[in-house]
Amino acid sequence: KYIAVPIFKTSTQMVGMLVVANGETKNSFTNSDRKLCEVLAGEISKFIQSEHDQLTGLYNLNGFIKKLNQQIIDSNDVPQSNVLLHIDIDQLKFVNEVSGHQAGDVLLTQLAVLIPKQIRTKDLLVRISGDEFAILLRGCSLNKGLSIAKKISAQIETFRFCYKDKVFDLSLIHI
């Protein structure tokens, strides 16, 4: 006997399940038990979603601040060099104006998949606002950080965003 209720990272992206199990010899779960599990899963989902961007599933500014604070605390124990990159996508407003906000949303989700290909698994990519991303390069020298920034910049500037019958070139304001 068990109750299983999904936990969501975004409104559509499931990240896990809350499972409550009961032994075979125990009483069956009641409707109140099921409702309680749904409420608990909903609260867990809200907590996770408060730190994640609903569109891309990346950490949002709130989640980033918490991760950055933890990185500062960890660096006090083991000093290390970190690099923070700021990426501002120059053409998002134009994409939204020409093809609508749905096109802009598609572009942002594609960038959330494209950018991680240039960073290491220990690095942290976040969406901090509409057209802005940040990357915390953990345990990274300034020279290595500059190298990664150049790769990301080159990748984004050679990326062609296609939406319906239109093709858009992207550029960066900052990196």
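Which residues of strand 1 make up the covered face, and which the uncovered one? In this predicted model, strand 1 (residues 2–8) places I3, V5 and I7 on the covered face, while Y2, A4, P6 and F8 form the uncovered one. This pattern may be read against a general rule: in a regular strand the side chains alternate between the two faces of the sheet.

Strand 1 pairs with strand 2 (residues 14–21) in the antiparallel sense, over 7 bridges. One of the residues on the covered face, I3, has V20 in strand 2 as its bridge partner. The two strands form a hairpin, with 5 residues between them.

S45 lies in helix 1 (residues 31–49), and its side chain reaches the backbone nitrogen of F8 at 2.9 Å. Leaving aside residues up to four places away in sequence, S45 touches P6, I7 and F8. Because its relative accessibility is 7%, under the 20% limit, S45 counts as buried.

An open sheet of 3 strands has the order 3-5-4, with antiparallel pairing. Strand 3 (83–88) and strand 4 (124–129) stand at the edges; each has a single partner strand, so one side of each is left without a neighbour in the sheet. Neighbouring strands of this sheet are turned by 20 degrees against each other on average, direction ignored.

Strand 4 is joined to strand 5 (residues 132–137) by 5 bridges, and the two run antiparallel. Within this pairing, L124 has L136 in strand 5 as its bridge partner. Helix 5 (residues 142–158) lies across strand 3 and strand 5, and runs at about 20 degrees to strand 3.

Strand 6 (residues 160–163) and strand 7 are joined by 4 bridges and run antiparallel. R160 stands opposite D169 in strand 7. The hairpin formed by strand 6 and strand 7 has 2 residues between the strands, and K164 in the turn has a positive phi of about 55 degrees.

**Aromatic pairs**

A pair of aromatic rings is described by the distance of the centres and the angle of the planes. The structure holds 3 aromatic pairs, and two of them are set out below.

| Pair | Distance of centres | Angle of planes | Class |
|---|---|---|---|
| F94 and F168 | 6.0 Å | 80 degrees | edge-to-face |
| F161 and Y163 | 6.2 Å | 20 degrees | stacked |

Why is the pair of F94 and F168 edge-to-face? Its planes stand at 80 degrees, over the limit of 60, so the pair belongs to that class. The pair links distant parts of the chain, with F94 in helix 3 (residues 92–99) and F168 in strand 7 (residues 166–169), 74 residues apart. F94 is partly exposed, with a relative accessible area of 42%, whereas F168 is buried, at 4%.

For F161 and Y163, the planes at 20 degrees fall under the limit of 30, so the pair is stacked. Both F161 and Y163 are buried. F94, F161, Y163 and F168 form one aromatic cluster.

**The surroundings of F168**

Apart from its neighbours within four places in sequence, F168 is in contact with F94, V95, V98, S99, F159, R160 and F161. The C-alpha atoms of F168 and L107, 61 residues apart along the chain, are separated by 9.8 Å. The C-alpha atoms of D77 and F168, 91 residues apart along the chain, are separated by 46 Å. D77 is placed in helix 2 (residues 61–77). Its relative accessibility is 64%, over the 50% limit, so D77 counts as exposed.

**Cysteines**

A disulfide is a covalent bond between the sulfur atoms of two cysteines. With sulfur atoms required to lie within 2.5 Å, the count of disulfides comes to 0. C140 counts as buried, because its relative accessibility is 2%, under the 20% limit.

Note on methods:
Residues numbered from 1 in each chain as written. Predicted model: local features only at pLDDT ≥ 70, side-chain atom pairs only at ≥ 80, totals over all residues. Heavy atoms only, no water. Pairing = 2+ DSSP bridges. Axes fitted to C-alpha atoms, helices over the stretch in contact; angles between N-to-C directions. Contact = heavy atoms within 4.5 Å. Phe/Tyr/Trp six-rings, centres within 6.5 Å; stacked < 30°, edge-to-face > 60°. Buried < 20%, exposed > 50% of the residue type's maximum accessible area, 1.4 Å probe, protein only. Polar contact = N/O pair within 3.5 Å; in protein donor to acceptor, adjacent residues only side chain to side chain.
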